[in-house]
Amino acid sequence: MNLIDRYVAEVGKHLLLVKGRKDIENELRSTLEDMLEERAQAAGKPADETMQMEMLKEYGEPHKVAETYNPNPYLIGPRIFPFFMFILKIVVAAVTLGLTIATGIQIMSASPMTAIDLLSTIGKGLLNIVSACIAAFGNLALVFALIERYAPASEFKMDEGKEWDPASLKKEPEPDDVKIWEPMLAIVFTFIALSIFNFNPQLIGIYYLDGNEWHVLPLLSEAFFRWLPLMNIAWVAEIVLNGMLLRSGKWTAGTRLLSIGTKLFQIFILAMLISGPSILAFTPASLTTGGIDDPEAVNILMLLAGKGMKFILGIAIFGSVVEIIKSVYKMMTQKL
Amino acid sequence: MANTESLENVVLELRRGVIVLAALSQLGSPEYGYSLLKKLADLGLEVDQGTLYPLLRRLETQGLLESVWKLEEARPRRYYVISAEGKKLLPKMKKEWAGIVSVMDKMLS
């Protein structure tokens, strides 16, 4: 195999996905032989390897020569890339939502479960979501790469028949617009809260290691769980509200009213929890069993836990009040 | 240095714009790639191989050229010639070119 053959073969390696590769190789060989012959005639001596070397160096690196024959070097070109991104977003959102619900159902149906089981189920759920999203991305990229390769531009035009309308340009985000991930996250976390508080309440506690064994000290008392039916109503209302936001994509007077109603209801429950008997399940005796021997430390811990819980509930009320004020303000300033 | 590079790029762009018309105008009789390259160079238009060969393939795909392999001096060569479609288009392209030249002459005089 002479230098020209080796050069042509090297160019061909970079043309694997280009139609008419053999034709290009033959034409290139023929051109190079013509060029070499001309050089030999000009030099007045037969072509030798040095002459070939000089000529090939001038002709250029094989991959650069191959590039000139590849008018569309994209895996997924600009013609179909926006459509690819559009489908990818839908697929990733659907896979994430579907697998999150599946993990939630798994947690509910495995009641009662230990903290380790819960963590393991959530961990496996997250891994499933990540691997499913990667697989979906790969499969979609493969399908679009095949479309890019085998569907000629003349047969696969994206909206090219339609007349473009400048009015279709995206408007600036309005203050009433909802970012899609916010209601999605809210639904996922509310769903998880519903699952844990209703089906695996034993998981809510303080975990400590005694020797080689993990123990759990229940955190919430009967006084808390007495309000669970009302909390469930608030959580379901929250899921309904976020579902509506997800569907409409923007805040309306109706969704703002529902949000205000839900927040008022949550404030009522939180106020009842603050004013009623302690919602903390642990007592000085249970703390001593947990390994805290010093009675003074137990008293301080009890005091801090009681005050801390009330502080957290107070902050939650404050947050809800702020949300209500924001909603009322936006309702008043909302464009009609 | 930057000015020289800019000038080279502009000249390259200008030439690229006329290669299609130049190639079609010279392919009334069959030519293989290298002979067309030399013919254009003899007439004063230096074209890079990396530009001309892919362009000839593209024009053939568009139906403006036809090609055929011939065995000459024990070497296969691909001959290109303007197609019927190309012949129809060429006068229109020439007219367009004359218009551009006339406009640019006015602008630059």
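How exposed is A:E323? A:E323 is partly exposed, with a relative accessible area of 33%; here buried means under 20% relative accessible area, exposed means over 50%, and partly exposed lies in between (1.4 Å probe, protein chains only). This is a predicted model, in which local features need pLDDT of at least 70 and side-chain atom pairs count only at pLDDT 80 or more, while totals for chains, interfaces and linings use all residues. Residues are numbered from 1 along each chain as its sequence is written, chains are lettered from A and ligands numbered from 1 in the order in which they are written, and side-chain values use heavy atoms, with hydrogens and water left out.

**Chain A overall**

- Chain A holds 12 helices and 2 strands, taken as DSSP runs numbered from the N terminus (helices: H or I, at least four residues; strands: E, at least two).
- Read from the N terminus, the order is α-α-α-α-α-α-α-β-β-α-α-α-α-α.
- Of its 336 residues, 32% count as buried.
- Among contacts in chain A with a separation of 6 or more, 73% join residues 24 or more positions apart; contact means heavy atoms within 4.5 Å.
- The chain exposes about 21200 Å², and carbon and sulfur atoms supply 67% of that area (Shrake-Rupley method, 1.4 Å probe; for residues, only the protein chains shown count as cover).

**Salt bridges within chain A**

- Over all chains, the structure has 20 salt bridges, each a side-chain nitrogen of Lys or Arg within 4 Å of a carboxyl oxygen of Asp or Glu.
- A:E323 pairs with A:K326 at 3.6 Å, N to O.
- These two are about one helical turn from each other, because they sit 3 residues apart in helix α12 of chain A.
- A:K326 is partly exposed at 42% relative accessibility.
- A:K13 and A:E10 form another bridge, at 3.4 Å from N to O, and both belong to helix α1 (residues 3-13) of chain A, 3 residues apart.
- A:K13 is exposed at 55%, whereas A:E10 is partly exposed at 30%.

**Where chains A and B meet**

- B:R75 and A:E33 form a salt bridge, with their closest N and O atoms 3.3 Å apart.
- This pair crosses between chains, linking strand β3 (residues 75-82) of chain B to helix α2 (residues 21-43) of chain A.
- B:R75 is buried at 10% relative accessible area, while A:E33 is partly exposed at 26%.
- Both belong to a salt-bridge network that also includes A:D34, A:E37 and B:R77.
- B:Q49, in helix α3 (residues 49-61) of chain B, is buried at 15%.
- Beyond neighbours within four places in sequence, B:Q49 contacts A:M35, A:Y59, B:L37 and B:P54.

**A pocket and a surface patch**

- The second largest pocket contains about 620 Å³ of space.
- Its lining comprises 21 residues, and A:D177, A:V178, A:K179, A:E182 and A:W251 lie nearest its centre.
- Elements of chain A giving two or more residues to this lining are α7 (181-199), α9 (228-248), α10 (253-275) and α12 (295-333).
- A pocket is an open set of points on a 1 Å grid over the protein atoms alone, where a 1.4 Å probe fits and protein lies on both sides within 12 Å along at least five of seven lines; lining residues have an atom within 4 Å of a point.
- Grid points are joined across faces, edges and corners, and the volume is the space filled by probe spheres set on them.
- On chain B, B:W97, B:I100, B:V101, B:V103, B:M104, B:M107 and B:L108 make up a nonpolar surface patch with about 670 Å² of accessible area together.
- Patch residues have over 30% relative accessible area and no salt bridge, with nonpolar side chains (Val, Leu, Ile, Met, Phe, Trp, Tyr) joined within 5 Å and like charges within 9 Å.
- B:L108 lies in helix α4 (residues 84-108) of chain B and is exposed at 69%.
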